[in-house]
Amino acid sequence: MTERSAAVPALVVGLGNPGPQYAGNRHNIGAMVLARLAERAGVRLSRHKAGADAATGRIGDHAVVLAVPRSFMNESGRPVAALARFYKVPPAELVVVHDELDLPAGTVRVKQGGGEGGHNGLRSISAAVGTRDYLRVRCGIGRPPGRMDPADFVLRDFSATERRELPLLVETAADAVASLLEVGLLETQNRLH
């Protein structure tokens, strides 16, 4: 994060697909982390006209807009861009929490900018906000076993073994978001990596 202005909140977005049939999918880890952040902030996400469930609150000393798009993953950009316009949040204050195939399961990493690595949610957001230069909290889900199609893998629920580790992954990712807001990217990377 850059030098923060008290008047400008951070927009923290957790990616996933809407509906109970997707709730336990690997692709929905971003939405799971956002639910935890909302709990920590003592707020309840509710329907916003931008096409997302959103709430304003605080994480530590920082004003935030917490949001989960109501669209499917590959159309996440439209509601994210609409929220950014509504709350006047520049891309430098956007934090996207998402699943990451290229990290071992249970690993959390943070970065700013870069490619989308085939992630359609990130591709949609980059196109809609006009830049790739926003913060990402990458939640590792590992690679699919054998020759399984990655698209099938991300749309499956976490395995029983993974579900035992899931609370730690969610807490670590929520801590990473709080750290980004509190101490910025480099210090958060030093803590996590």
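Select α3 (120-129) and notice that this helix lies across β5 and β7, running at about 160° to β5. Helices and strands here are DSSP runs, helices being H or I of at least four residues and strands E of at least two, numbered from the N terminus. The angle is taken between N-to-C directions on a scale from 0 to 180 degrees, with axes fitted as lines to C-alpha atoms, for helices over the stretch in contact, and contact means heavy atoms within 4.5 Å.

What is on screen is a predicted model, in which local features need pLDDT of at least 70 and side-chain atom pairs count only at pLDDT 80 or more, while totals for chains, interfaces and linings use all residues. Residues are numbered from 1 along each chain as its sequence is written, and side-chain values use heavy atoms, with hydrogens and water left out.

**The sheet**

Next, colour the strands, which form an open sheet of seven in the order β2-β3-β4-β1-β5-β7-β6, with mixed pairing; two strands count as paired if DSSP finds at least two bridges between them. The edges are β2 (46-48) and β6, each of which pairs on one side only, and from one strand to the next the twist averages 30°.

Move to β3 (residues 52-59), which is joined to β4 by eight bridges in an antiparallel arrangement; here Ala-54 stands opposite Ala-67 of β4.

**Strand β7**

Now select residues 135-140, the strand β7, where six of the six residues are buried, so that the strand is largely enclosed by the rest of the structure. Buried means under 20% relative accessible area, exposed over 50%, and partly exposed in between, with a 1.4 Å probe and protein chains only. Which residues cover the two faces of β7? Leu-135, Val-137 and Cys-139 are on one side, with Arg-136, Arg-138 and Gly-140 on the other, and all of these are buried.

On one flank, β5 (residues 94-100) runs parallel to β7 and is joined to it by six bridges, with Arg-136 as the bridge partner of Val-96. The strand β6 (residues 108-112) instead runs antiparallel to β7 and is joined to it by five bridges, and in that pairing Gln-112 has Leu-135 as its partner.

A pocket is defined on a 1 Å grid over the protein atoms alone, as an open set of points where a 1.4 Å probe fits, with protein on both sides within 12 Å along at least five of seven lines, and lining residues have an atom within 4 Å of a point. Grid points are joined across faces, edges and corners, and the volume is the space filled by probe spheres set on them.

β5, α3, β7 and α4 (150-154) each supply at least two residues of the lining of the largest pocket, and this lining divides into nine nonpolar, nine polar and seven charged residues. Ala, Val, Leu, Ile, Met, Phe, Trp, Tyr, Cys and Pro count as nonpolar, Asp, Glu, Lys and Arg as charged, and the others, Gly among them, as polar.

The second largest pocket holds about 210 Å³ of space, and of its 14 lining residues the closest to the centre are Asn-17, Pro-18, Ala-31, Asp-53 and Val-68. Two or more lining residues come from α1 and from β4, with α1 giving the most, three residues.

Select Asn-25, in the loop between β1 (10-14) and α1 (29-41), which counts as buried at 2% relative accessibility. Its C-alpha lies 6.5 Å from that of Val-154, although the two are 129 residues apart in sequence. Leaving out residues up to four places away in sequence, Asn-25 touches Met-32, Val-154, Leu-155, Arg-156, Asp-157 and Phe-158.

Then go to Ser-76, in the loop between β4 (62-69) and α2 (77-87), buried with a relative accessible area of 0%. Beyond its neighbours within four places in sequence, Ser-76 has contacts that include Leu-15, Gly-121 and Ile-125.

Finish at Lys-88, in the loop between α2 and β5, which counts as exposed at 65% relative accessibility. Its phi is near 55°, a positive value in a residue other than glycine.
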